[in-house]
Amino acid sequence: MSSQIYLDRMFAFATQAGRIALELMANSEPGLKKDNSIITLADKTISKLARETLSDFLQTPQHILIDEEDPKSIEYMDQDRLEKTPFIWAVDPIDGTRLYANHMPLFGISIGLIKDLKPWLGVVYFPMLNELFYSDGQEAYFVQHAFSPQEKKTRIVPIDEVISHRSIFFCNDTFFNRFYWKDKDFHIMINACAVVNLCWPSIARGMGSFLRCHLWDFAGSWPIMKRAGFDFRRVSDGKVLEKVEAGLFDREPLSWHLKEYYLISSRNNFPQILSKIGQR
């Protein structure tokens, strides 16, 4: 089956999910999960949509779906099973749920398709910004006015911007639990949305990001970032995240959560950015 068939299905999901997110935003019914993270009616509805959209694929043993809102996703944390599954779908119905629940525009819908354990296709849609990022397995693109007659598509190319006083680097909110920032001129920003931290640097909105997150947080952005010349490098030893390995993720208390922190940047900028991060 060609990549376009899968990509068309991903676009259809993103379009409908975006409509759902916007329709439910005013009355999102936010609540708390057991881990005290936020969940809304949109998360639940879009999660159901993902399973319905991919139902024909998921009926075969070649496909599995790892969805943030599906507690059964932990069952797939078995390396032997993963290696026998050619296609792994990973969906984050609403990334940046806290922002969404507070009616803020920086939230996204992410769907990624991992092939033979490696990043392949990805679609990340920002409904309130009308912006779309995607990878078709060969190239990656940034789309303005997405899903409209005014759609404007730009191919994403490798970026290796020199760090300067105007540079911005994205961190997640757990950064300060173990680290501190040692540079007063090269600024950091916390957006509380993984797909913003990952997709924006691919079009030079920021120099990279620093994350420890779940598989569904980065699966859609992963192939897009690679096309932009960015890699996920483990902070502890600089090793690049090349494929999905169950042993890299926690099972408890948060399943599919990376055990270690990763710095996402170009290869040239990695040592310079790392030098600005101190450990507590």
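Start by selecting Arg233 and Asp231: both are buried, where buried means under 20% relative accessible area, exposed over 50%, and partly exposed in between (1.4 Å probe, protein chains only). Their side chains meet in a salt bridge, at 3.7 Å from N to O; the term stands for a side-chain nitrogen of Lys or Arg within 4 Å of a carboxyl oxygen of Asp or Glu.

A word on ground rules before moving on. This is a predicted model, so local features need pLDDT of at least 70 and side-chain atom pairs count only at pLDDT 80 or more, while totals for chains, interfaces and linings use all residues. Residues are numbered from 1 along each chain as its sequence is written, and side-chain values use heavy atoms, with hydrogens and water left out.

The whole structure has 14 salt bridges. For one of them, pick Asp56 and Arg9, whose closest N and O atoms are 2.8 Å apart. Asp56 sits in helix α3 (residues 55-58) and Arg9 in helix α1, so this pair ties together parts 47 residues apart in sequence. (Helices, H or I of at least four residues, and strands, E of at least two, are DSSP runs numbered from the N terminus.) Asp56 is partly exposed at 37% relative accessibility, and Arg9 is partly exposed at 23%.

Next, show Lys33 and Glu69, another salt bridge, at 3.3 Å from N to O. Lys33 is in the loop between β1 and β2 (38-39) and Glu69 in the loop between β3 and α4 (79-83), so parts 36 residues apart in sequence are tied together.

**Down helix α2**

Select residues 41-53, which make up helix α2. At 1.5 Å a residue (times one less than the number of residues), its 13 residues should span 18 Å, and the end C-alpha atoms are 18 Å apart, which agrees. Color the buried ones: Ala42, Asp43, Ile46, Ser47, Leu49, Ala50 and Thr53. They cover an arc of only 160 degrees around the axis, which puts them on the same side of α2; the arc is that of the directions from the helix axis to the C-beta atoms.

**Into the core**

Now for Leu215, Phe218, Val244, Phe249 and Trp256, the residues with the most contacts inside the largest nonpolar core, which has 45 residues. Such a core is a set of buried Ala, Val, Leu, Ile, Met, Phe, Trp, Tyr and Cys residues joined through side-chain atoms within 4.5 Å. The largest share of this core, 4 residues, comes from α7. Apart from it lies another core, of 36 residues, among them Leu7, Ala42, Trp89 and Ala146.

**Last stops**

Ser28 is in the loop between α1 (3-24) and β1 (31-32), and counts as buried at 3% relative accessibility. Leaving out residues up to four places away in sequence, Ser28 touches Thr40, Leu41, Tyr100 and Ala101, a contact being heavy atoms within 4.5 Å.

Finally, display the cysteines. How many disulfides does a search of the whole structure find? It finds 0, the cut-off being a pair of cysteine sulfur atoms within 2.5 Å. The sulfur of Cys193 is 8.7 Å from the closest cysteine sulfur, in Cys199, too far for a bond.
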